[in-house]
Amino acid sequence: MYYIVLDLEWNQGTPKTERPEIPFEVIEIGAVKLDEKKNIVDRFESRVCPVVYDKIYFMTAKVTGITMDELKDEDEFPAVFKRFVTWCGDDFIFCTWGSLDLLELRKNIAYHKLEPLGRGPVPYLDIQKLYSLELDDGKSRKSLEKAVDALEIDKSDVFHRADGDAWYTAEIFRRLKRRDLEAYESYDVYRLPGSRGEEVHVKFPTYSKYISRAFRDKNTALRDKEATSLKCFICGKETKRYISWVTVNGKQFFAMGKCREHGMMRGHLRIKKNWDGATYVMKTIRPAKQGDEGSIRMKEKNAALQAEKLNKMQRAQKSKLSNSEK
Ligand SMILES: [Zn+2]
């Protein structure tokens, strides 16, 4: 198995010329191939001649320094991508800094009607996240250059070019020692699971994750048995509901349930909108911690207060209306 550490540079249009099906056009692909011991085996670098946007967006020019002159004699995306896929081989996992590169790559692939990277969500390692889990607080996200500085990596390569950024990302990844954290795969959801049977159920060392198929709308999602289940993260059995899904903002929901064998579990359900507007559910379940119950009870209370407030407002409006009719 190889790690393909990938970085892209892309160009975009202006509000006038933007094509919603391909807001970011790939103009450079850089990648580093690492073996299982994270030795650098090979590098890939190619610029791409754009066919959608014929001017380099001013911010892209400023950040990357890429000019149209540099790109005009290069191959177009289909040819470059074909070379890239061949170079990757067939036993690998993508690694990127942050969560954007695979999504934009897949949009470019779809735009050019090439063989997709996968039918549904594609797993990858988000090195920015792994860096945070091992060396930071696990939640914050550092810029690539800040992480390079923190690890005192030699800055002889350029930043904001695909080849340089891929190399820096690979060097950071090579310095991460916690191999166990690689179990925390991320998923690119350019394509959601196509059916119930293709939905993502993964068990990480400390929690489980679920990614649903697309639902017609939020209410349909919230009626789905699987989407709203609360299964024990350890044994997978449905727990006995202790607090039902509560929400304050209508997008995030929390619940608690008890497994007879493994104790109290806490569920966190998010209603998400994909890039194409599709509604889906992302849910995590982990053993409950001290304070979980209190914080969910608080949300429950706030939700009840909000509902009451809304009710009052509606009643006041109604009586106002009926008064004005008189
Ligand atoms: Zn259990």
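**Entry 1, the six-stranded sheet.** I looked up the open sheet of six strands and read its order as E3-E2-E1-E4-E5-E6, with mixed pairing; strands here are DSSP runs of E with at least two residues, helices are runs of H or I with at least four, and both are numbered from the N terminus. I took two strands as paired if DSSP finds at least two bridges between them. Strand E3 (40-47) and strand E6 (186-188) stand at the edges, and because each has a single partner strand, one side of each is left without a neighbour in the sheet. From one strand to the next the twist averages 35 degrees, with axes being lines fitted to C-alpha atoms (for helices over the stretch in contact) and angles running from 0 to 180 degrees between N-to-C directions.

**Entry 2, provenance.** I note that this is a predicted model, in which local features need pLDDT of at least 70 and side-chain atom pairs count only at pLDDT 80 or more, while totals for chains, interfaces and linings use all residues. Residues are numbered from 1 along each chain as its sequence is written.

**Entry 3, E4, E5 and H5.** I found strand E4 (residues 92-96) and strand E5 (residues 122-126) running parallel and joined by three bridges, and in E5 the bridge partner of phenylalanine 94 is tyrosine 124. Helix H5 (residues 127-135) packs on the sheet and touches E4, E5 and E6, its direction making about 50 degrees with that of E5; contact is taken as C-beta atoms, placed from the backbone, within 7 Å.

**Entry 4, the hairpins.** I then followed strand E9 (residues 240-247), which pairs with strand E10 (residues 252-259) in the antiparallel sense over five bridges, with valine 246 opposite phenylalanine 254 in E10. Four residues lie between E9 and E10 in this hairpin, and glycine 250 in the turn has a positive phi of about 80 degrees. A hairpin through three residues joins E10 to E11; E10 pairs with strand E11 (residues 263-273) in the antiparallel sense over eight bridges, where methionine 265 in E11 is the bridge partner of glycine 257.

I located glutamine 306 in helix H9 (residues 292-325). Glutamine 306 counts as partly exposed because it has 14 C-beta neighbours inside 10 Å, the class between buried (20 or more other C-beta atoms within 10 Å, placed from the backbone) and exposed (12 or fewer). The C-alpha atoms of glutamine 306 and asparagine 249 are separated by 9.8 Å, although the two residues are 57 apart along the chain.

I recorded nine helices and twelve strands, and 29% of the 326 residues count as buried.

Conventions
Contact = placed C-beta atoms within 7 Å.
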